Amino acid sequence: RFFDVIWFNKRGFPAKIFEVEESTDFRDALIKFIELQDFKTEFYCVASEERKIKFDREMNKNAFSEIKARCNFLAYKKVYEEYELILKKSVL
């Protein structure tokens with residue numbers, strides 16, 4: 001309930017977690033991700049492409065080294081493109 005979106009696996013464990021970061025810094029999202037580092041979970045920060053540099057800067061801090069390989073940045077545009085692709089496939 002503290003994350004924006006959680007996708008669970010068949011056993012009910014968090015498989016993917018998404019945090020939308022519009023104006024806040026990524027640090028709060030990354031701290032929440034650290035709390036779940038013992039789960040086999042992929043972490044995603046979703047934001048505008050312009051914020052990618054800030055995300056990379058935070059990810060390069062030692063505090064987040066344990067989750068760095070599992071953290072991903074998704075630009076809004078990429079999310080929209082994936083959504084459009086799914087809609088097209090579902091119509092066919």
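1. Helices (H or I, at least four residues) and strands (E, at least two) are DSSP runs, numbered from the N terminus.

2. A word on the basis of these remarks: the model is predicted, so that local features need pLDDT of at least 70 and side-chain atom pairs count only at pLDDT 80 or more, whereas totals for chains, interfaces and linings use all residues. Residues are numbered from 1 along each chain as its sequence is written, and side-chain values use heavy atoms, with hydrogens and water left out.

3. On the overall architecture, the protein chain has 3 helices and 4 strands, and these elements follow one another from the N terminus in the order β-β-α-β-α-β-α. The C-alpha trace spans about 45 × 35 × 25 Å along its principal axes. Of the contacts in the protein chain with a separation of 6 or more, 64% are between residues 24 or more positions apart, where contact means heavy atoms within 4.5 Å.

4. The 4 strands form an open sheet in the order 1-2-3-4, with mixed pairing. Its edge strands are strand 1 and strand 4 (71–75), each of which pairs on one side only. Neighbouring strands of this sheet are turned against each other by 20 degrees on average, direction ignored; axes are lines fitted to C-alpha atoms, for helices over the stretch in contact, and angles run from 0 to 180 degrees between N-to-C directions. As a general point, strands of a sheet pair through backbone hydrogen bonds, either parallel or antiparallel.

5. Strand 1 (residues 5–8) and strand 2 (residues 14–20) run antiparallel and are joined by 4 bridges. The two strands form a hairpin with 5 residues between them, and Gly12 in the turn has a positive phi of about 90 degrees. Across this pairing, Val5 has Phe18 as its bridge partner, Trp7 stands opposite Lys16, and Phe8 is partnered by Pro14.

6. Buried means under 20% relative accessible area, exposed over 50%, and partly exposed in between (1.4 Å probe, protein chains only).

7. Val5 is in contact with Lys16, Ile17 and Phe18, and the C-alpha atoms of Val5 and Ile17, 12 residues apart along the chain, are separated by 5.8 Å. Glu19 touches Phe2, Phe3, Asp4, Ala29, Lys32, Phe33, Tyr44, Cys45 and Val46.

8. As to the helices, helix 2 (residues 52–59) lies across strand 3 and strand 4, and runs at about 175 degrees to strand 4. Strand 3 is mostly covered, with 5 of its 6 residues buried.

9. For the chain as a whole, 30% of the 92 residues count as buried. The accessible surface comes to about 6,800 Å², of which 56% belongs to carbon and sulfur atoms; these areas come from the Shrake-Rupley method with a 1.4 Å probe, and for residues only the protein chains shown count as cover. There are 18 positive and 17 negative side chains, and the centres of the two sets lie 4 Å apart. Here Lys and Arg count as positive and Asp and Glu as negative, while His and the chain ends are not counted, and the place of a charge is taken as NZ of Lys, CZ of Arg, CG of Asp or CD of Glu.

How values were computed: Pairing = 2+ DSSP bridges. Lists of a residue's contacts leave out its neighbours within four places in sequence.
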